[in-house]
Amino acid sequence: MNLEKVIFGFFIILAFTLNFGFFLGEIDNPAHHNVYELFAAIVVNVVATALKLGDRTQTGALLLASSLVAVLQLIAAAVVWGYASHVHAGGMDAMFMASIVSLAGGAMVANLISVLLLIADTVALRR
Amino acid sequence: MPATINKVLFLFLRRMRAPLLALTAAYSISVLGLVLIPGVDDQGEPWRMDFFHAFYFVTYMATTIGFGEIPHAFTEAQRMWTVFAVYLSVVAWLYAIGKILALIQDPAFRLAVSQHAFDRTIRKLQRSFFIVCGYGDTGALVVRSLLGRNGFAVVIDQNPDRINELTLEDYALQIPGLCADASVASRLLDAGLLNPHCRGVVALTSDDAVNLRIAIAAKLLNPDRPVICRAESHDTARNMASFGTDQIINPFDIFGQRLALALHSPAHHLLHEWLGNIPGSPLPMPIDPPCGRWILCGFGRFGKAVHAGLLQEGVDVTLVEADPEGTDCPPDCIEGRGTEADTLREAGIETASGIVAGTGRDDYNLSIVMTARELNPELFMVGRQNRESSSLLFAAADLPLVMRHDRVAPRRTRGFAGAAPRFGWKEIFFCRKVLKPRR
């Protein structure tokens with residue numbers, strides 16, 4: 001067992017699970033989506049991206065690419081949230097919430113790809 | 001090549017991993033703390049900072065800009081947390097910036113970046129060039145004379161100091177220099193051996209074996225391109241000639257022949273000097289070497305070549321050599337360095353008409369010349385200069401003929417490199433007429 005591999009796997013899976021937790025619930029209901037969960041998802045995704053830096057293999061490149069996509073989507077979601085609650089005159093409404101959650105949903109797909117790549121890589125290594 | 005840019009990028013990213021993690025941690029901890037700690041607004045009502053304002057505050061606090069406590073004045077608990085967050089984030093930034101600076105200073109990283117820059121330059125090169133291996137005194141002269149003739153050069157040298165010298169030199173154009181071992185074939189490819197603009201390879205390192213390897217590699221990888229090599233031993237020269245090296249320069253032999261030519265027909269020698277001169281250097285004055293008995297100090301590679309040249313002209317030569325057995329001297333030679341008056345007197349300096357100071361050390365050669373001048377001011381003196389740094393002293397010694405083996409090679413190289421195809425006037429006229437309308 002390799003501690004580095006454990007940490008690596010932990011952050012990739014945590015990025016996916018947090019993202020999934022935020023995504024769960026009615027798409028346009030602000031009560032179903034917690035801002036702390038989005039914050040945690042962003043932080044863990046950034047950490048996961050940093051951990052993936054500097055891997056020269058093909059899988060490493062794909063992992064990094066999917067992570068970058070996820071971070072970008074989540075940051076877009078955070079920006080929309082900030083705009084909706086502070087800049088927009090009407091405050092947070094169902095339309096903004098829906099776009100935040102759909103952006104997070106896109107990030108979740110990228111995170112799912114990350115997890116699948118990690119599993120595929122491990123399985124290929126076993127053989 | 002994409003391989004080097006990848007190397008640079010991955011090296012950079014891998015080293016940035018730890019600083020990025022540190023920054024992410026510092027920012028997220030600071031932001032989270034600010035969001036969680038309860039505060040009060042300007043009416044004294046309980047108020048919690050949201051993520052937007054917390055991130056805004058941390059952004060200017062971490063970079064020590066400090067716009068103040070926004071949007072409402074902080075409570076004591078918030079201030080306590082801010083003190084902690086300031087130290088945390090400022091230290092994280094210092095660490096990250098230190099890492100980035102260290103990475104930029106890192107020799108491996110700089111090497112990768114400079115190699116990438118070199119590869120780019122070679123790929124984008126739009127003018128015909130020669131690859132010059134070895135940037136010593138000779139290499140520098142070759143580059144200068146190539147530039148003087150509207151040519152271009154790419155330099156490879158193993159010594160980083162020499163490459164630095166190259167970048168500091170005030171050439172009209174920036175000459176790309178690669179710090180690498182030219183005898184490794186892939187380095188020659190890096191320097192553009194297969195580039196369609198490459199017109200040839202010039203191997204001028206001080207090591208015959210390296211020159212030989214360069215010649216072999218160049219001839220195998222790109223047989224169409226001429227290869228010009230320096231060889232100081234006849235063995236290497238024969239070896240190079242056997243696989244078709246286009247021009248082999250033995251500086252000692254050439255000087256021996258030149259001295260013979262100067263004795264035999266001074267005007268021919270002068271014409272040769274003028275035509276083969278390095279662009280921009282003053283034209284040499286005619287010399288008139290005497291045909292009496294000559295004294296030759298030093299019977300090494302240079303001495304042997306000069307000896308052969310003098311004998312060819314039927315001149316009587318007295319040899320002076322410190323190690324007659326080691327250098328295979330004829331039996332009638334005089335043992336000694338030639339730097340002492342005794343040895344020179346024994347060699348009959350008073351009755352001699354010329355002397356060649358041809359040892360491998362500049363201080364000995366200058367000493368021989370000065371001693372000889374005192375003993376016989378009428379002597380015709382030839383000095384061998386080994387190092388560029390002794391130029392000032394040889395100029396002060398005011399010798400009629402100074403032999404520099406680093407000067408011989410550039411002339412030969414230039415003579416070869418600059419040689420136009422052998423067209424007559426009619427052909428040149430015709431070519432001009434045909435080519436002009438196209439331009």
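Which residues of strand E7 (residues 227-230) of chain B point one way, and which the other way? B:Val227 and B:Cys229 point one way, whereas B:Ile228 and B:Arg230 point the other way, and all are buried, a residue being called buried if 20 or more other C-beta atoms, placed from the backbone, lie within 10 Å of its own. Strands (E, at least two residues) and helices (H or I, at least four) are DSSP runs, numbered from the N terminus.

The model is predicted, and local features need pLDDT of at least 70, side-chain atom pairs count only at pLDDT 80 or more, while totals for chains, interfaces and linings use all residues. Residues are numbered from 1 along each chain as its sequence is written, and chains are lettered from A and ligands numbered from 1 in the order in which they are written.

Strand E6 (residues 198-203) of chain B pairs with E7(B) in the parallel sense over three bridges, where pairing requires that DSSP finds at least two bridges between two strands. B:Val202 has B:Ile228 in E7(B) as its bridge partner, and B:Ile228 in turn has B:Gln247 in E8(B) as a bridge partner. E7(B) and strand E8 (residues 247-249) of chain B run parallel and are joined by three bridges. From E7(B) the chain crosses through helix H9 (residues 234-242) of chain B to E8(B) in a right-handed β-α-β crossover; right-handed here says that, with the strands pointing away from the viewer, the path from the first strand over the helix to the second runs clockwise. E6(B), helix H8 (residues 208-221) of chain B and E7(B) also make a right-handed β-α-β unit.

Another part of chain B holds an open sheet of six strands, paired in parallel in the order E11-E10-E9-E12-E13-E14. Its edge strands, each pairing on one side only, are strand E11 (334-335) and strand E14 (401-404) of chain B. Strand E13 (residues 380-385) of chain B is joined to E14(B) by four bridges, and B:Gly383 has B:Val402 in E14(B) as its bridge partner.

Finally, we turn to where the chains meet. Eleven residues of chain B are in contact with twelve residues of chain A, contact being counted if the C-beta atoms of two residues, placed from the backbone, lie within 7 Å. On the side of chain B that touches chain A, helix H1 (2-36) and helix H2 (51-62) of chain B each supply at least two residues, and the largest share, nine residues, comes from H1(B).

Methods
Buried ≥ 20, exposed ≤ 12 C-beta atoms within 10 Å, placed from the backbone.
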